Amino acid sequence: MAPAVAQLLFLQLVLGPTLVMAVQLEIAVQNFRTLNMDYPKAKFPDDFKGYCNGFMSYVRGRKEQWYCPETHYVLHSPWKAIWKSCKNSESFCENYNEYCTLTTKPFPITICRVNKRQPPTSCRYSSTETNRQLYLLCSSKYEGQPIGILGLYKRT
């Protein structure tokens with residue numbers, strides 16, 4: 001009986017953290033897909049007074065947060081097109097403890113920014129639509145998946 005208990009303990013100690021990390025990674029990828037991607041672009045009812053107000057109410061509900069995120073990026077491209085950007089991430093972003101990359105081509109994106117002149121209990125957003133290259137966080141160095149948007153590439 002002791003060898004069976006030892007094997008079980010060994011499996012829990014060795015495989016347990018690996019399984020937890022795999023689940024956390026899958027959650028990060030799923031969050032990226034639901035919170036940072038909208039393809040094809042949704043149309044919200046007029047009551048929302050703009051795309052970003054509608055989308056950010058969805059984001060805040062999914063995150064279960066009461067505060068208004070200052071800036072949020074929403075991609076309007078198919079998953080496969082964005083996923084290709086993380087196939088080979090040579091850079092490691094120490095501030096995020098993840099691999100990161102600059103996309104090779106621009107993507108259609110909506111930038112949602114909270115309006116500053118409003119009561120703190122109100123979340124009203126302005127929308128800016130653009131085609132830009134992005135800095136993405138990737139799940140691994142090779143064959144990774146996008147898990148976050150760090151920002152937009154600034155043209156010089």
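**Salt bridges and disulfides**

Me: Is Glu143 buried or exposed?
Reply: The relative accessibility of Glu143 is 55%. Buried means under 20% relative accessible area, exposed over 50% and partly exposed in between, with a 1.4 Å probe and protein chains only. Glu143 therefore counts as exposed.

Me: Which atoms do the side-chain values use?
Reply: This is a predicted model in which local features need pLDDT of at least 70 and side-chain atom pairs count only at pLDDT 80 or more, while totals for chains, interfaces and linings use all residues. Residues are numbered from 1 along each chain as its sequence is written; hydrogens and water are left out, and side-chain values use heavy atoms.

Me: How many residues apart in sequence are the parts that Glu143 and Lys87 tie together?
Reply: The side chains of Glu143 and Lys87 form a salt bridge at 3.2 Å, N to O, where a salt bridge is a side-chain nitrogen of Lys or Arg within 4 Å of a carboxyl oxygen of Asp or Glu. Glu143 lies in the loop between β6 (134–138) and β7 (146–152) and Lys87 in the loop between α3 (79–83) and β2 (91–93), so the separation in sequence is 56 residues. Helices (H or I, at least four residues) and strands (E, at least two) are DSSP runs, numbered from the N terminus. The separation is thus 56 residues.

Me: Which strand holds the partner of Lys41 in a salt bridge?
Reply: Lys41 pairs with Glu129 at 2.4 Å, N to O. Lys41 sits in the loop between α1 (2–35) and α2 (51–63), so the pair ties together parts 88 residues apart in sequence, the partner lying in β5.

Me: What is the handedness of the disulfide between Cys52 and Cys112?
Reply: A disulfide is a pair of cysteine sulfur atoms within 2.5 Å, and those of Cys52 and Cys112 are 2.0 Å apart. The pair links helix α2 to strand β4 across 60 residues. The torsion about the S-S bond is about -80°, so the disulfide is left-handed.

Me: Are Cys86 and Cys138 buried or exposed?
Reply: These two cysteines form a disulfide with sulfur atoms 2.0 Å apart. Cys86 lies in the loop between α3 and β2 and Cys138 in strand β6, so the bond ties together parts 52 residues apart in sequence. Both Cys86 and Cys138 are buried.

Me: What pattern do the disulfides follow?
Reply: The structure holds 4 disulfides. With bonded cysteines counted along the chain, the pattern is 1-6, 2-7, 3-8, 4-5.
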